[in-house]
Amino acid sequence: MADFSGSDLTCLRGERLVFGGLSFAAKSGDAVMLRGRNGAGKSSLLRLMAGLLAPRSGVLCWNGENINDDRTAHYARSQYLGHQDAIKPVLTVRDNLRLWGQLRGVRNLDAAIDEALVALQIHHLSRVTGRYLSSGQKRRTALARILIGQSDLWLLDEPTVGLDRESCAELAQLIAEFRARGGIVIYSTHVDLDVKNPTILDLDDFAIPMVEWLAEQDDLEDMTPAKGALSSQEAAQ
Amino acid sequence: MTGFLAILQRDLRLALRQGADSVMVVAFFIVTTTLFPFGVGPEVNILARIASGVIWVSALLAAMLSLERVFQADYEDGSLELLTLSPVSLELLILGKVLAHWLTTGLPLIIAAPLMAVMLNMDQDGFAILMIAMLLGTPALSLIGAIGAALILGARRGGVLVSLLVLPLYIPVLIFGAGAVEAALLGISATAQLQIMAAILLLTLAAAPFATAHAVRQAME
């Protein structure tokens, strides 16, 4: 039984405070759906969870251990699907997927790739080079990537972009199977993805106006030069 | 180690399919070198005198030409994100990418260099040392260049910026590379210069992957 949690997370991008004081908890078999207006920080939160970004404050824990303590283990257990599909136009679908399997040290890689391609119904495309794929097929190839190798955590940023209705249903099915195996899925989507009982995390609830946050920080500690510069800019605005 | 070989294999396959980069680098090297006889005149003694310097400077410029591509394509299509998130250490993956870059750009330059040396009337005594010096120098150029290539990720007009960042760092390789050939032409031992070049290579081999990995992680933020 695994659990993944974050407490009191604050995310600062550039000089903009995206969200603050965000906490969540998920355990094996859970699905968490991220909701919020554009720019609410859904992608930022997923990147934070993946370990691409460092939170301004707060910690992310897997089974009670900070994910920063053992990054490699966290990378090995999680699969991240971002906005981009990372598909090379000159390589075939199979060769595109092979690298990611090799990096995870997957045994019987060819069989694993076949299995993933069948699951996403793109097996007939395995020898087609990336440049001839439609955007939906590219997205499916990217989804096939997350099926290759063992993982306990899926972080899916808008996985349904470019997918047709049928593929969305298949994706929902894959998510259900992954949850049944004890995986945790955290995803953001703008369309209805048929996932059973997701926990809903609405990022709009954690938006804090910058000025308020700075005032709070100033109360907590002495002004540092960097923050002084920030707040004077805020005042100027 | 499998991760290192996997990325090396993929980058070589990409270079082979796209092809243009290696050809362009060698063509640039040949064209730049060829400009000098036009510029300074066909006087054979002058050409022989400046040959080692001209070859090295042209090689530096040619090596730099392809730097922008080292991470740019992976950055734009999201592959670099996934490489950062892979359980294999990013430093090792970067070393694999740099080795692929050197095999596709540095190695062709070494092969083309003696031809240019003949064209510039360099004495035959210098050929062997020229190739050994380039064998030690060009991997260092790729390693140093990778730092620059990673630093410019996300910047506009990265190509110009990378030249400004990287060229000053290439100066030691240029000094000792040309110096080694000069020494051989004068009939004295070039061991000292070659040893310093080997030291530069070892230093960059040890430090550059970490600096590059740091710059790549920074670019992901």
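A crossing of two helices is right-handed if the near helix is turned clockwise from the far one by less than a right angle. The views below show a predicted model.

**View 1. Helices H2 and H3 of chain B cross in a right-handed sense.** H2(B) spans residues 20-40, and H3(B) spans residues 44-65. Their axes come within 9 Å. The crossing angle is roughly 145 degrees.

View 2. The contact residues comprise 15 nonpolar and three polar, with no charged residue.

**View 3. Chain A packs against chain B.** Here 26 residues of chain A touch 28 residues of chain B. The two chains bury about 2400 Å² between them. Carbon and sulfur atoms account for 62% of that area. A:Leu52, A:Lys88 and A:Leu103 supply 26% of what chain A buries against chain B, more than any other three residues.

**View 4. A salt bridge joins A:Arg47 and B:Glu81.** The N to O distance is 2.7 Å. Four salt bridges are counted between the chains. Nine residue pairs, both at pLDDT 80 or more, are in polar contact across the interface.

**View 5. Helices H1, H2 and H3 of chain A each give two or more residues to the side that touches chain B.** They cover residues 42-50, 71-77 and 93-103. H3(A) gives the most, with six residues. This side of chain A holds 14 nonpolar, four polar and eight charged residues.

Note on methods. Residues are numbered from 1 along each chain as its sequence is written. Chains are lettered from A and ligands numbered from 1 in the order in which they are written. This is a predicted model: local features need pLDDT of at least 70, side-chain atom pairs count only at pLDDT 80 or more; totals for chains, interfaces and linings use all residues. Side-chain values use heavy atoms; hydrogens and water are left out. Axes are lines fitted to C-alpha atoms, for helices over the stretch in contact, and angles run from 0 to 180 degrees between N-to-C directions. Helices (H or I, at least four residues) and strands (E, at least two) are DSSP runs, numbered from the N terminus. Ala, Val, Leu, Ile, Met, Phe, Trp, Tyr, Cys and Pro count as nonpolar, Asp, Glu, Lys and Arg as charged, and the others, Gly among them, as polar. Contact means heavy atoms within 4.5 Å. Buried area is the accessible area (1.4 Å probe) that two parts lose on being put together, summed over both. A salt bridge is a side-chain nitrogen of Lys or Arg within 4 Å of a carboxyl oxygen of Asp or Glu. A polar contact is a pair of N or O atoms within 3.5 Å; within protein, one must be able to donate a hydrogen and the other to accept it, and residues adjacent in sequence count only if both atoms are side-chain atoms.
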